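Please look through the sequence and the model below before reading on. The briefing that follows is arranged by topic for a reader who is new to this structure.

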Amino acid sequence: MPTAKLFPTYLHRALIGSRGAKRLNKQIQKECYVFRDLDDAGRRWSCENYWGGYTSYGSITDLPFRSSTFHSLKEMLDREVFRFVRHLDWDLSKGQPEMCSCWINIMGPGSHHSFHLHPDSVISGTYYVKVPPNSGAFKVEDPRIACFMGSPPVKRNVRRDNSRYMSLAPRARELVLFESWLKHEVPAHHAKSDRISVSFNYHWVDVGR
């Protein structure tokens, strides 16, 4: 009997290349700075907790309800999220994912975001607005790692299926989706210009609620 591969971890990637996507991305970038400049509370929090960067995670998380630009982005995100959850074989007759938060991240030189996950959500992700070279990858951790105990180290040239960590280099207008329990980080940003992204969470809404 051949070796079986069980319990895979999925990432969904999509390059938003629909008609008008470049124009929309340019407007999103412009509005990210507008919101940052208006967000006194977010700038204060970021100054204390997010060295070298700005995030509206603790202050402005309802962007699609504040801006028609971000509402258009949400419509594209919704379509990709439903493609992803169908791949996961979730039973959409019992409920459906619904966006519950959406916020801005602007990372300056030296900024980073350590490993974390997104409790109380089912799907999380990031849409990349501006990604200069050397501005930090998207890195994920094997969710089984806490159970490895005395597991030996893997080879330097380990196959991706057996790697403990995986990094990918996103591009501008690219979307990355993952299940919210997956730990991830953004290593240090080494570019001279800002790295701009929009992150979001979807929770599960039962049918009939």
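## Briefing on the predicted model

Asp89 is placed in the loop between α4 and β3.

**Loop residues with positive phi**

- Asp89, in that loop between α4 and β3, has a phi near 65°, which is a positive value in a residue other than glycine.
- Asp89 counts as exposed because its relative accessibility is 67%, and exposed is the word for values over 50%.
- Arg173, found in the loop between β7 and β8, likewise is not a glycine and yet has a positive phi, of about 75°.
- Arg173 is buried, since its relative accessible area is 17% and buried stands for values under 20%.

**Aromatic pairs**

- The structure holds six aromatic pairs, and one of them joins Phe35 and Phe70 in an edge-to-face arrangement, with 5.9 Å from centre to centre and 70° between the planes.
- Because Phe35 belongs to helix α1 (residues 21-38) and Phe70 to helix α4 (residues 68-87), this pair ties together parts that are 35 residues apart in sequence.
- Phe35 and Phe70 are each buried.
- Phe138 and Phe178 form an aromatic pair as well, here a tilted one, with the centres 5.5 Å apart and an angle of 35° between the planes.
- This second pair links distant parts of the chain, given that Phe138 is in strand β6 (residues 138-141) and Phe178 in strand β8 (residues 174-179), 40 residues apart.
- Phe138 is buried, and Phe178 is buried too.

**Salt bridges and a charge over a ring**

- Ten salt bridges are found in a search of the whole structure, and the one between Arg43 and Asp40 has its closest N and O atoms 2.7 Å apart.
- Arg43 and Asp40 both belong to helix α2, where they are three residues apart, or about one turn of the helix.
- Lys139 counts as partly exposed at 22% relative accessibility, whereas Glu185 is buried, with a relative accessible area of 14%.
- Lys139 also takes part in a contact with an aromatic ring, for its charged end sits over the ring of Tyr165, 4.9 Å from the centre of that ring.
- Arg144 forms a salt bridge with Asp142, and the closest N and O atoms of the two are 2.7 Å apart.
- Arg144 is partly exposed, with a relative accessible area of 46%, while Asp142, at 9% relative accessibility, counts as buried.

**The largest pocket**

- The largest pocket contains about 870 Å³ of space, and among the 23 residues that line it, Pro8, Thr9, Arg160, Asp161 and Asn162 are the closest to its centre.
- Strands β1 (11-15), β6 and β7 (165-168) each supply at least two residues of the lining of the largest pocket, and the largest share, three residues, comes from β7.
- By class, the residues lining the largest pocket are eleven nonpolar, three polar and nine charged.

**The second largest pocket**

- The second largest pocket has a volume of about 470 Å³, and of the 28 residues that line it, Tyr57, Trp103, His113, His116 and His118 are the closest to its centre.
- At least two lining residues of the second largest pocket come from each of α2 (40-49), β3 (95-107), β4 (113-116), β5 (123-130), β9 (184-186) and β10 (195-206).
- The largest share of the lining of the second largest pocket is that of β3, with five residues.
- The lining of the second largest pocket divides into twelve nonpolar, 14 polar and two charged residues.

Conventions. Residues numbered from 1 in each chain as written. Predicted model: local features only at pLDDT ≥ 70, side-chain atom pairs only at ≥ 80, totals over all residues. Heavy atoms only, no water. Phe/Tyr/Trp six-rings, centres within 6.5 Å; stacked < 30°, edge-to-face > 60°. Helix = DSSP H or I, 4+ residues; strand = E, 2+ residues; numbered from the N terminus. Buried < 20%, exposed > 50% of the residue type's maximum accessible area, 1.4 Å probe, protein only. Lys NZ or Arg CZ within 6 Å of the ring centre and 35° of its normal. 1 Å grid on protein atoms, 1.4 Å probe; cavity = no way out; pocket = protein on both sides within 12 Å on 5 of 7 lines; lining within 4 Å. Points joined across faces, edges and corners; volume = space filled by probe spheres on them. Nonpolar A, V, L, I, M, F, W, Y, C, P; charged D, E, K, R; others polar. Salt bridge = Lys/Arg side-chain N within 4 Å of Asp/Glu carboxyl O.
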